[in-house]
Amino acid sequence: MTKRFSTNVLVLMALAIVLNIVGGETIARLRLPVYGDSVGTVLAGALGGPIVGALTGGLTNLLWALVSAERVTAIPFGITAAVIGALAGILTAKGWMRSLERVLASGIGTGLIAAVVSAPIAAYVFGGVTGGGTDMLIAFFRAAGANVWQAALGQGIVSDPLDKAVTFVLAWVVLRSLPHRQLARYPGGAHFISASDDAPVTG
């Protein structure tokens with residue numbers, strides 16, 4: 001427990017939250033049909049474990065809403081963010097962050113789960129309108145005859161796997177580039193030391 005929430009892990013969580021908010025805010029302002037707010041969550045989950053990842057994801061959405069009134073809709077989706085962080089930790093422990101192919105599969109799978117978790121929130125809490133770039137996809141599905149639940153789920157199935165595949169790959173690239181000495185400071189770091197034969201050994 002002490003190592004799980006060591007100073008290094010707490011700093012990691014703080015940096016990850018900032019990275020999430022900056023990435024998510026940038027994508028939201030560009031009105032793109034993806035999210036860009038989970039790279040830090042995946043990094044925290046991979047290095048700190050499922051609990052650290054879940055807390056990082058949930059806290060990101062809470063703090064994001066506090067610093068930007070426009071993002072108050074992020075609060076309910078903290079559930080989804082927590083699931084993403086927990087899955088990043090679990091998948092890392094199971095060896096699914098050891099090759100590009102597995103990382104892509106992990107991202108796509110996480111995206112599909114995130115879509116299922118998020119759909120009822122988008123549909124029944126916000127009526128399908130969350131203020132992000134993904135609203136255009138919901139509008140498209142609604143225009144095609146889908147009800148709000150079907151439109152929210154359809155949007156998630158289109159957006160989330162792509163978003164999380166890119167997110168997991170970006171996080172994996174960062175993790176592969178970290179020196180072994182840095183990785184060893186975190187509970188999950190050993191998974192990347194053993195998998196990264198070409199990673200720097202000093203730092």
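This is a predicted model: local features need pLDDT of at least 70, side-chain atom pairs count only at pLDDT 80 or more; totals for chains, interfaces and linings use all residues.
Q: At what angle do helix 1 and helix 2 pack?
A: The angle is about 155°, and the axes of helix 1 and helix 2 (residues 39-48) are 7 Å apart. Since angles over 145 degrees count as roughly antiparallel, helix 1 and helix 2 are therefore roughly antiparallel to each other.

Q: Changing topic to pockets, which residues line the largest pocket?
A: The lining consists of Leu12, Leu15, Ala16, Leu43, Leu47, Val174, Leu175, Leu178, Gln182 and Tyr186.

Q: How much space lies in the largest pocket, and how do its lining residues divide by class?
A: About 170 Å³ of space lies in the largest pocket, and its lining divides into nine nonpolar residues and one polar residue, with no charged residues.

Q: Which residues lie nearest the centre of the largest cavity?
A: Tyr35, Asp37, Trp64, Phe77 and Thr130 lie nearest its centre, out of the 34 residues that line the largest cavity. By class, that lining has 14 nonpolar, 16 polar and four charged residues.

Q: Which helix gives the most to the lining of the largest cavity?
A: Helix 7 gives the most, with five residues. The helices that each supply at least two residues of this lining are helix 1 (7-30), helix 3 (50-67), helix 4, helix 5 and helix 7 (148-177).

Q: Back to packing, how do helix 4 and helix 5 cross?
A: The axes of helix 4 (residues 78-93) and helix 5 (residues 100-125) come within 9 Å and cross at roughly 155°, which makes helix 4 roughly antiparallel to helix 5. The crossing of helix 4 with helix 5 is right-handed.

Q: Which residues make that contact?
A: Helix 4 contributes Ile79, Thr80, Val83, Ile84, Leu87 and Leu91, while helix 5 contributes Ser106, Thr110, Ile113, Ala114, Val117, Ser118 and Ile121. By class, the contact of helix 4 with helix 5 has nine nonpolar, four polar and no charged residues.

Q: And where do the axes of helix 6 and helix 7 stand, at what angle do they cross?
A: The axes of helix 6 (residues 135-143) and helix 7 come within 8 Å and cross at roughly 130°, and helix 6 and helix 7 are therefore oblique to each other. Helix 6 passes helix 7 in a right-handed crossing.

Q: Which residues make the contact there?
A: On helix 6 the contact is made by Leu137, Ile138, Phe141 and Arg142, and on helix 7 by Val148, Ala151, Ala152, Gly154, Gln155, Val158 and Ser159. This contact of helix 6 with helix 7 has seven nonpolar, three polar and one charged residues.

Definitions and conventions:
Residues are numbered from 1 along each chain as its sequence is written. Side-chain values use heavy atoms; hydrogens and water are left out. Axes are lines fitted to C-alpha atoms, for helices over the stretch in contact, and angles run from 0 to 180 degrees between N-to-C directions. Helices (H or I, at least four residues) and strands (E, at least two) are DSSP runs, numbered from the N terminus. Angles under 35 degrees count as roughly parallel, over 145 as roughly antiparallel, 65 to 115 as roughly perpendicular and the rest as oblique. A crossing is left-handed if the near helix is turned anticlockwise from the far one by less than a right angle, and right-handed if clockwise. Contact means heavy atoms within 4.5 Å. Ala, Val, Leu, Ile, Met, Phe, Trp, Tyr, Cys and Pro count as nonpolar, Asp, Glu, Lys and Arg as charged, and the others, Gly among them, as polar. On a 1 Å grid over the protein atoms alone, a cavity is a set of points where a 1.4 Å probe fits but cannot get out, and a pocket is an open set with protein on both sides within 12 Å along at least five of seven lines; lining residues have an atom within 4 Å of a point. Grid points are joined across faces, edges and corners, and a volume is the space filled by probe spheres set on the points.
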